[in-house]
Amino acid sequence: ITAVSWHPTESSMLAASSEDHSVSVWDLAVERDAEEELRLAGGASGVVPLGAQDVPPQLLFVHLGQTHIKDIRWHPHYTSVL
């Protein structure tokens, strides 16, 4: 992790940059519900996307492809922009 920035208005959200050239957005208030747990266990539809069990529900977005990310911040006026 090279930087962490908490969202200016949503206290449970943060963005993190990393040495693997990724930027990720997390919402720590998100939890899986019972229906989603059943689906990921192969129930209901029986189809589970490859790797779906490995992705935590709190991970909202991952951006790859940037290089040498040293800092990350939320825009002070447009709070959906990093």
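Predicted model: local features only at pLDDT ≥ 70, side-chain atom pairs only at ≥ 80, totals over all residues.
Buried here means under 20% relative accessible area.

**Entry 1: the covered strand**

I went to S3 and found that five of its six residues are buried, so I call this strand mostly covered by that cut-off.

**Entry 2: layout of the chain**

The four strands form an open sheet in the order S1-S2-S3-S4, and the pairing is antiparallel. S1 (3-6) and S4 (59-64) sit at the edges, each pairing on one side only. From one strand to the next, the twist averages 15°.

**Entry 3: strand pairs, one at a time**

A reminder to myself: strands of a sheet pair through backbone hydrogen bonds, either parallel or antiparallel.

I began with S1 and S2 (residues 13-17), which pair in the antiparallel sense over four bridges. Here I see Ala-3 standing opposite Ser-17 in S2.

Next I looked at S2 and S3, which run antiparallel and are joined by five bridges. In this pair, Met-13 stands opposite Asp-27 in S3.

Then I checked S3 against S4. Five bridges join these strands too, and they also run antiparallel. Which residue of S4 stands opposite Val-23? I find His-63 there.

**Entry 4: the nonpolar core**

I looked up the largest nonpolar core and found eight residues in it: Ala-3, Met-13, Ala-15, Val-23, Val-25, Ile-69, Ile-72 and Trp-74. Which elements give two or more residues to this core? S2 and S3 (22-27) do.

Some of these names were already in my notes. Ala-3 is in the core and stands opposite Ser-17. Met-13, another core member, has Asp-27 opposite in S3. Val-23 belongs to the core as well, with His-63 of S4 across from it.

I gave Trp-74 a closer look. Leaving aside neighbours within four places in sequence, Trp-74 is in contact with Ser-5, Trp-6, His-7, Pro-8, Met-13, Leu-14, Ala-15, Val-25, Thr-79, Val-81 and Leu-82. Among the core residues, Met-13, Ala-15 and Val-25 are on that contact list.

**Entry 5: two histidines with positive phi**

I went through the backbone angles and stopped at His-21, which has a positive phi of about 65° although it is not a glycine. Where is His-21? I find it in the loop between S2 and S3. The hairpin of these two strands has four residues between them. His-21 has a relative accessible area of 32%, so I note it as partly exposed.

His-68 turned up next, with a positive phi near 55° in a residue other than glycine. I place His-68 in the segment after S4. Is His-68 buried or exposed? Its relative accessible area is 62%, and the cut-off for exposed is over 50%, so His-68 is exposed.

**Entry 6: whole-chain numbers**

Last, I looked up two totals. The accessible surface of the chain comes to about 5900 Å², and 55% of that belongs to carbon and sulfur atoms. Of the contacts in the chain with a separation of 6 or more, 53% are between residues 24 or more positions apart.

How values were computed. Residues numbered from 1 in each chain as written. Heavy atoms only, no water. Pairing = 2+ DSSP bridges. Axes fitted to C-alpha atoms, helices over the stretch in contact; angles between N-to-C directions. Core = buried A, V, L, I, M, F, W, Y, C linked by side-chain atoms within 4.5 Å. Buried < 20%, exposed > 50% of the residue type's maximum accessible area, 1.4 Å probe, protein only. Contact = heavy atoms within 4.5 Å. Areas by Shrake-Rupley, 256 points an atom, 1.4 Å probe, with all protein chains shown as cover.
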